[in-house]
Amino acid sequence: MALARTRAVALLGVDGQIVDVEAAITNGVPGLHLVGLPDTALSEARDRVRAAIFNSGETWPNRHVTVSLFPASMPKRGSGFDLAISVAVLGANEAVPIEACAGLVMIGELGLDGRIRPVSGVLPAVLTAAESGAETVIVAKGNVSEASLVPDVKVVGVGSLRALLALLRDLPPPEEPEDEAADLTSRAPADVLASRAGARRGDLDLADVRGQPVGRKVLEISAAGGHHVCFTGPPGCGKTMLAERLPTLLPDLDHGAALEVTAIHSVAGTLPADQPLITRPPFQAPHHTASRAALVGGGAGRLIRPGAASLAHRGILFLDESPEFGGGVLDALRQPLEGGEVVIARSGATARFPARFTMLLAANPCPCAAPRFRDCSCAPSVRRRYLARMSGPLLDRVDLKSELEEVTRAELRYDLTLAESSEVVAERVLTARERTRRRLADTPWRTNAEIPGRELRRRFAPPHAALAALDRPLADGRLSARGLDRVVRVAWTLTDLRGKETPTADEVNEALGLWEGRT
């Protein structure tokens with residue numbers, strides 16, 4: 001019996017596991033038998049692999065071929081196993097040296113003509129291979145730039161099965177048509193625009209917003225500390241304009257955060273072909289008709305994909321017209337807002353996606369959405385019911401609440417050249433974040449919003465005199481225990497913005513007003 005072995009990677013969410021791909025040729029009815037809990041796409045690899053081997057000028061063994069994917073008890077999905085299966089089969093058929101492919105990790109989908117096509121999720125797959133001790137990973141040419149982000153791993157990009165076999169046989173690579181190589185470039189789907197929206201765009205600047213000094217200030221505090229925001233106000237007052245300009249105030253992602261964000265977008269298939277590493281905080285703005293699965297992620301069986309909350313990891317999740325979202329959709333964010341990750345459980349599989357984002361809510365004060373308050377025809381009870389669609393437990397997790405006013409005629413005529421630009425505000429934000437970084441240097445947290453409540457009460461507790469203003473709101477129930485932590489976090493951010501060493505009563509009082517929406 002001939003036996004050959006190589007390796008691939010199985011992904012569940014952004015977590016991967018090395019899979020041993022073994023092929024054995026035995027006596028029996030000719031055919032390919034695939035075992036190891038493959039899904040439909042993986043089961044169809046029989047036809048793709050057979051056609052690719054024939055069209056690469058190789059001989060298919062006219063005997064019974066068994067391909068085992070170990071661990072056999074773990075379900076596996078996707079077409080990224082094609083390359084490993086084909087090489088294992090040819091190794092068992094003694095068409096390539098068995099020892100040449102035993103230590104390799106191979107990730108790629110095969111076309112019927114033998115071309116190797118890019119697949120999604122290559123970055124987390126190569127990270128898994130590196131953690132397992134693999135030294136060389138074979139990927140499609142279209143995935144090379146993404147796979148090369150992982151250090152200490154040799155990444156080899158190949159365009160066809162014929163070229164890979166020449167490499168394994170230590171032969172010169174065959175000539176391939178130019179159009180074949182060009183076709184291997186990975187193409188992100190249309191919704192990739194969402195992943196690019198966090199970039200600093202020249203057409204977006206905070207100076208474009210007319211008036212709204214309170215909204216600008218809230219936005220600066222949010223950017224400096226990573227705090228969640230809720231804007232309410234009449235249509236046309238600038239809620240959406242402010243939200244869209246929040247990414248322009250944020251600094252670039254550090255390398256570790258950039259890899260986290262890129263891995264999520266790689267799994268989702270939204271990684272731009274010309275941007276292998278996402279270095280800007282992402283900006284996600286799902287429509288208010290989005291489902292719960294679209295917001296937090298989901299899918300049938302093991303086909304679990306990240307939602308907008310995870311795609312906004314280390315960036316901004318903007319929920320415009322928040323009261324218009326379906327019942328229970330917004331409340332699904334309560335867990336990731338606290339834990340920084342989304343856990344999706346299915347029978348036989350549980351996927352975890354990072355989801356540490358800054359949430360920004362925007363809402364009109366009533367369903368009629370009159371441009372001016374005096375023109376509103378809604379009864380007070382109608383207004384209360386409308387805003388109550390954003391539940392109390394959700395708003396309790398929002399650090400900064402601000403009711404924006406109508407823009408006056410004087411503000412509309414104001415010379416925009418005199419308004420502060422995003423560049424000016426971003427400098428202050430960066431300075432404040434540097435102060436935060438120095439204070440949190442020996443901790444795993446990056447911003448004030450990430451500090452757990454227990455640490456706020458131990459290592460980073462403000463002076464007792466500064467917290468005296470919170471005694472009455474706590475006593476009469478206006479301020480919850482969770483709200484207390486969020487007020488203290490905002491107070492630290494105000495302290496960093498003002499260059500102080502520790503919060504005083506002024507910062508605590510202002511943070512309380514921002515939490516209650518009194519600014």
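Predicted model: local features only at pLDDT ≥ 70, side-chain atom pairs only at ≥ 80, totals over all residues.
Two strands count as paired when DSSP finds at least two bridges between them. Five strands form an open sheet in the order 11-14-17-10-18, and their pairing is parallel. At the edges stand strand 11 (283-284) and strand 18 (400-403); each has a single partner strand, so one side of each is left without a neighbour in the sheet. For strand 18, a pairing with strand 10 (residues 229-232) runs in the parallel sense over 4 bridges. Within this pairing, T232 lies opposite E403 of strand 18.

Attention now turns to the helices, and to helix 7 in particular. After helix 7 comes D170, a residue with a positive phi, near 60°.

The open spaces of the model come next, and a reader planning to inspect them may like to start with the largest pocket, whose volume is about 860 Å³. Its lining comprises 42 residues, of which R314, R356, R446, T447 and E450 are the closest to the pocket centre. Four helices, namely helix 10 (213-225), helix 15 (334-339), helix 19 (422-439) and helix 23 (481-497), are the elements that give two or more residues to this lining. Sorted by class, the lining of the largest pocket holds 19 nonpolar, 8 polar and 15 charged residues.

The second largest pocket has a volume of about 420 Å³. It is lined by 22 residues, and the closest to its centre are G78, S79, G80, V119 and S120. At least two lining residues of the second largest pocket come from each of strand 1 (2-12) and helix 5 (122-131). Strand 1 gives the most to this lining, with 4 residues. By class, 13 nonpolar, 5 polar and 4 charged residues make up the lining of the second largest pocket.

Terms used: Residues numbered from 1 in each chain as written. Heavy atoms only, no water. 1 Å grid on protein atoms, 1.4 Å probe; cavity = no way out; pocket = protein on both sides within 12 Å on 5 of 7 lines; lining within 4 Å. Points joined across faces, edges and corners; volume = space filled by probe spheres on them. Nonpolar A, V, L, I, M, F, W, Y, C, P; charged D, E, K, R; others polar.
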